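Good morning, and thank you for coming.

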Amino acid sequence: MESEPVWVVAFIGEETEECKAQSDEFWNAAKSLNGMISFAAVNVSTPDGAALAESIPEADGCGSILIYPFGLEKEEAEPEQYTGELEKKAMEVLRFIWHG
């Protein structure tokens with residue numbers, strides 16, 4: 001049985017220059033890991049995005065990156081917060097996902 005992909009979800013926005021820069025770094029990492037893992041983003045600058053971020057305890061608003069596990073038990077698993085750098089360090093993201 002093929003396992004489902006791991007998802008990396010970034011909570012990004014337009015509030016500050018730092019948030020905008022992190023958004024760019026996130027998408028650069030996503031491009032370099034295309035096909036290996038799945039990426040998604042939530043725009044916390046919108047009312048719907050802000051409400052979604054507030055409903056997820058692990059999300060700290062703009063700049064939060066959560067890793068959702070793969071496999072059969074992923075519905076019960078809690079996401080892990082990724083705190084490492086993204087820019088030009090996509091393989092570090094992969095090592096974190098596979099080794100915690």
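Let us begin with C62, which is partly exposed, with a relative accessible area of 26%; buried means under 20%, exposed over 50% and partly exposed in between, using a 1.4 Å probe and protein chains only. Please note that this is a predicted model, in which local features need pLDDT of at least 70, side-chain atom pairs count only at pLDDT 80 or more, and totals for chains, interfaces and linings use all residues. Residues are numbered from 1 along each chain as its sequence is written, and side-chain values use heavy atoms, with hydrogens and water left out.

Which residue does a disulfide join to C62? The partner is C19, with an S to S distance of 1.4 Å; a disulfide here is a pair of cysteine sulfur atoms within 2.5 Å. C19 lies in helix α1 (residues 17–32) and C62 in the loop between α2 (47–55) and β3 (65–68), 43 residues apart. Helices (H or I, at least four residues) and strands (E, at least two) are DSSP runs, numbered from the N terminus. C19 is buried, at 7% relative accessible area.

I turn now to the sheet. Four strands form an open, mixed sheet in the order β2-β1-β3-β4, where two strands pair if DSSP finds at least two bridges between them. Because β2 and β4 (80–81) stand at the edges with a single partner strand each, one side of each has no neighbour in the sheet. Strands β3 and β4 run antiparallel, joined by two bridges, and I67 stands opposite E80 in β4.
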